[in-house]
Amino acid sequence: MAEQPQIYELNNGTMVVKITNYGCTITSLSVPDKNGKLADVVLGFDTVEPYVKGASPYFGCIVGRVANRIKNGKFTLNGTEYTLPINKSPNSLHGGFKGFDKRIWEVAEYKKGDKPSITFKYRSSDGEEGYPGDVSVTATYTLTSSMTMKLDMEAVPENKATPINLAQHTYWNLAGHKSGNILDHTIQIWASEMTPVDENTVPTGEIKPVKGTTFDFTAEKKVGLQVHEVGLGYDHNYVLGGGEEKLGLKRAAKLKDPSSSRVLNLWTNAPGMQFYTGNYVNGVVGKGGAVYNKHAGLCLETQGFPNAINQPNFPSVVVQPGSKYQHTMLFEFSVE
């Protein structure tokens, strides 16, 4: 029996998160500002229909089987060449034409209470969007404390080795989803290196220090300060490290909106993070009729490095049958 796409709510009395089983997508996330006033800080739609109809530029979803770009939609694994759909020419992006973000997941568990959570399950079949082997995937969103959300993603290949790289693609605007652009937000990224890209936004394989460049966010800096010096905007993978650790996770980024004083601290166990400033968003009509344009939100997609399957010097994203891919993200909201 095929489940219908619907929207579920996690509410702990302080923050409220709405998530649909279509693509494990966060459609709404409301947290208080310095005056205790709630605002919805993610881009998205009021109902599931626009997501299902393809109107969403990956708002809020989990992308897979492999997030980000695979160069020319090709890779070789254990002597077999695999060819993937070219859905963002000349590359394959975010799992292909019908990646994990465009699948209906099964709701495996849904708990209310002071630590509400929801667990989604999906089974990706051998050959789906060109990828090898059957893979069982789960994703659990939990409100672990009054202002903290945790996401645990797991995937187990059943019968063939396969690349797996899941990413959570929420577009954040801490001033509120309909407040305009994020260029006045400040961000700090715990990464002293990034992976430069070619003209098709695929990493060249080089790992480059950010010091003294427009990509340097090792100290808190306004997002818009140098955004116009990097083409359309930031859309780059950062090599995470150098920050403190907590619960086995490392500090990835601190995002702050000066107008509301809302802060998001992001922690992860992933090696990289795509920092994307919503460069391709153009006239999308979202919640309550809000129109989202370029830089209306930004993404902090913790991940394995883009095109790692074709870059031997990048951390491997290949998972062997019976082994488990595990990716945890911790979203800590506060005001300061």
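A residue counts as buried when its relative accessible area is under 20%. By that cut-off, 60% of the 336 residues of the chain are buried in this predicted model. The chain has one helix and 30 strands. Its radius of gyration is 19 Å, close to the 20 Å that the globule rule gives for 336 residues, so the chain is as compact as a globular protein of that length.

**Overall form and surface**
- The C-alpha trace spans about 60 × 55 × 40 Å along its principal axes.
- Residues at least 24 apart in sequence make up 66% of the contacts in the chain between residues at least 6 apart.
- The accessible surface comes to about 13,000 Å², and carbon and sulfur atoms account for 48% of that area.
- The chain carries 33 positive and 33 negative charges, whose mean positions are 2 Å apart.

**Strand 23 and its partners**
- Strand 23 covers residues 249–256, and eight of its eight residues are buried.
- Strand 17 (residues 186–189) runs antiparallel to strand 23 and is joined to it by four bridges; Ile189 has Ala253 as its bridge partner.
- Strand 22 (residues 245–246) is also antiparallel to strand 23, with two bridges between them, and Lys246 stands opposite Leu249.
- Strand 24 (residues 262–268) pairs antiparallel with strand 23 through six bridges; here Lys254 stands opposite Asn265.

**Hairpin turns**
- Two residues lie between strand 22 and strand 23 in their hairpin, where Leu247 in the turn has a positive phi of about 55 degrees.
- The hairpin of strand 23 and strand 24 has five residues between the strands, and Ser261 takes a positive phi near 65 degrees.

Notes: Residues numbered from 1 in each chain as written. Predicted model: local features only at pLDDT ≥ 70, side-chain atom pairs only at ≥ 80, totals over all residues. Heavy atoms only, no water. Rg over C-alpha atoms; globule rule 2.2 N^0.38 Å. Buried < 20%, exposed > 50% of the residue type's maximum accessible area, 1.4 Å probe, protein only. Contact = heavy atoms within 4.5 Å. Areas by Shrake-Rupley, 256 points an atom, 1.4 Å probe, with all protein chains shown as cover. Lys, Arg positive; Asp, Glu negative; His and termini not counted. Charge placed at Lys NZ, Arg CZ, Asp CG, Glu CD. Pairing = 2+ DSSP bridges.
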